[in-house]
Amino acid sequence: MIELEIQILSDRREGLLVELGRVVVASGFTLLRQRVYQDSQGAWLVMVVRGEVERQLGLEELLATHNRVLSFEATLLAPGAAAPVGVAPLPVPRAPNGATNGSPPSLAAVGPDVSKVETVLPQLARDYPKIFPWLLALEHEVAAEAREASLLLAGRRTGIWVYKRDYEMGGKLGLIDSIKRIASPALRALVTVDVRERHVHIQNCPLCPPGGHSGCKFFSGFLEGMLGASAAPQTVFVRNVHCRSHSSGAGDCILEVSH
Amino acid sequence: MSAHQHYNLLLVLLSYVISVLGSFTALQLAVLIPLARTSQQRIAAVLAAGAAMGVGAIWAMHFIAMLACDMGMPVSYDPLLTALSAVIAFAACSLGLSIASSGAFSWAKLAAAGICMGLGVTSMHYLGMAAVIMGAYTSYDMNLVATSMLIAIVASVVALWLAFNLRGPLQMIGSALVMGLAVCGMHYTGMAAFNIDENGGQAPAGVAGGMRGDNLGATIFVVTLVLLIGALIIHYKRQQRRAAISI
């Protein structure tokens, strides 16, 4: 079990806790504490939730694509740091940065290094689409066990962000149309791609050099985030069919998208 | 006969520009409809888009095109029918845009929305023509009338498809250019269907109380100004929204 502190910015306060509380519960998490307040940026909802680590990405994706959420930040709380329900005002203590620096190893071993990812996300937004130096740095900074999950999370958050920024206006599309009209041009801003229906061929993927470690996780997350937010229905899976890092740099990286 | 119609090409071009500007404003408002968070927001967005399309792109275009047309005799317009033509265009476009923007895309929905919009353009035109008061007998070539309706429906379907299914510049500009073609294509085909026969110079009843081109010019100027301001506000708000989205 993990505990997360989630800070959400919305444009208005009314019904925020009810709507997002439902998302938390639907994702299999328990809401431990919450606080809602308003400032010049908008309405803030801060929640401390507890649940299975395997469900964290799912929860984050639902929050990121929720129409009440303008932005959010999820922080993994150090074990035992969260106060009992209904006690102590927020903010609460956060997990120490850098799972690679020693603690908490049990959490880092199974999930993404959320704090490292959260640190790099603003840089990705600032320099987009020239983001590969930041991603390569992230890949090297996190623990080996957290590498793929961290890149996946960074990819999802970036994909959702790009969708909301550049592609949200218009009708809801089916999966194939979303791949063709949204994911394909968005990916072309980053890399050379060849899209064949549900298969995305990435040529010379800069994150997958021979002997590399990412396994196309960033792009898998990018597609999942972007298509999950754009396509109807919203559950999208991306499978890594082939990665050039596993074949001495030969061939394209191939990702398969499905519902 | 239609040979009596002579056009001022500058005003014809202006009529297309106005229809594109109105379509741009309307369709860019329309693609925001699916993002509405409350029913009030949705209704407001639908009505704003419907007004920009119905009154801006269609009604204002029609009357600029009428000012561009010299029929060889004085022409005025029945105020009630003229106002009603604007209301019909507004209602039909609001309904069409509401259908097109609801839920996930489907061809049936696109066809229904395109038919609504196309019939809105057509109804506005022929009601607007019914408002014409002139000293002549008028009639229509029904084949061309049907063609004008078909042009309006087909081009509306294409424009809505572009607006709701594409993203990027083609969505923004392409859909407006095509919708402008729908409106102008329908109008000028409809005008080609309009036959005028001399009635010996008898002025019909009501010609004195009708609106003259000068009155329409002022109204059209206001509509155009509102459209331009609307387009600028949309652009500004979009930039603001884009900057506010955090990763």
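Over residues 80-100, chain B is 100% helix and 0% strand, with the end C-alpha atoms 30 Å apart. Residues 144-164 of chain B are likewise 100% helix and 0% strand, and their end C-alpha atoms also lie 30 Å apart. These values, like the others in this report, come from a predicted model.

## Confidence

The average pLDDT of chain B is 89, and 99% of the residues score at least 70. For the complex, the predictor gives an ipTM of 0.75 and a pTM of 0.71.

## Nonpolar cores

The largest nonpolar core has 78 residues, and those with the most contacts inside it are A30(B), A49(B), A89(B) and A182(B). Two or more residues each come from helix 1 (9-30), helix 2 (39-68), helix 3 (79-100), helix 4 (107-130), helix 5 (142-165), helix 6 (169-192), strand 6 (194-198) and helix 7 (213-244) of chain B. Helix 2 of chain B provides the largest share of this core, 18 residues. Leaving aside residues up to four places away in sequence, A182(B) touches V121(B), I151(B), A152(B), A155(B), S156(B) and A159(B).

Apart from this core lies another, of 68 residues, among them L20(A), V114(A), L135(A) and V142(A).

## Architecture of chain A

Chain A contains 8 helices and 8 strands. Of its 259 residues, 44% count as buried. Among contacts in chain A between residues at least 6 apart in sequence, 66% join residues at least 24 apart.

## Helix 1 of chain A

In helix 1 of chain A (residues 16-26), the buried residues are L16(A), L20(A) and V24(A). They lie on the same side of the helix because they cover an arc of only 55° around its axis. An α-helix has 3.6 residues a turn, so residues three or four places apart point the same way.

V18(A) and A26(A) are exposed residues on the face of helix 1 of chain A that is turned away from its buried side. After helix 1 of chain A comes G28(A), which has a positive phi, near 85°.

## Surroundings of F218(A)

F218(A) belongs to helix 8 (residues 217-230) of chain A. This residue counts as buried because it has 29 C-beta neighbours inside 10 Å, against a threshold of 20 or more. With residues up to four places away in sequence set aside, F218(A) touches L135(A), L151(A), A154(A), G155(A) and L207(A); one of these, L135(A), is also a member of the core of 68 residues. Between F218(A) and V46(A) there are 172 residues of sequence separation and a C-alpha to C-alpha distance of 28 Å.

## Interface between chains A and B

At the interface, 24 residues of chain A are in contact with 20 residues of chain B. On the side of chain A that touches chain B, the elements giving two or more residues are helix 4 (114-127), helix 6 (144-167) and helix 7 (175-188) of chain A. Helix 6 of chain A makes the largest contribution to that side, 6 residues. By class, the side of chain A that touches chain B comprises 12 nonpolar, 5 polar and 7 charged residues.

Methods. Residues are numbered from 1 along each chain as its sequence is written. Chains are lettered from A and ligands numbered from 1 in the order in which they are written. This is a predicted model: local features need pLDDT of at least 70, side-chain atom pairs count only at pLDDT 80 or more; totals for chains, interfaces and linings use all residues. Helices (H or I, at least four residues) and strands (E, at least two) are DSSP runs, numbered from the N terminus. Two residues are in contact if their C-beta atoms, placed from the backbone, lie within 7 Å. Ala, Val, Leu, Ile, Met, Phe, Trp, Tyr, Cys and Pro count as nonpolar, Asp, Glu, Lys and Arg as charged, and the others, Gly among them, as polar. A nonpolar core is a set of buried Ala, Val, Leu, Ile, Met, Phe, Trp, Tyr and Cys residues joined through C-beta atoms within 7 Å. A residue is buried if 20 or more other C-beta atoms lie within 10 Å of its own, exposed if 12 or fewer, and partly exposed in between; C-beta atoms are placed from the backbone. pLDDT is the predictor's confidence in each residue, from 0 to 100. The arc is that of the directions from the helix axis to the C-beta atoms.
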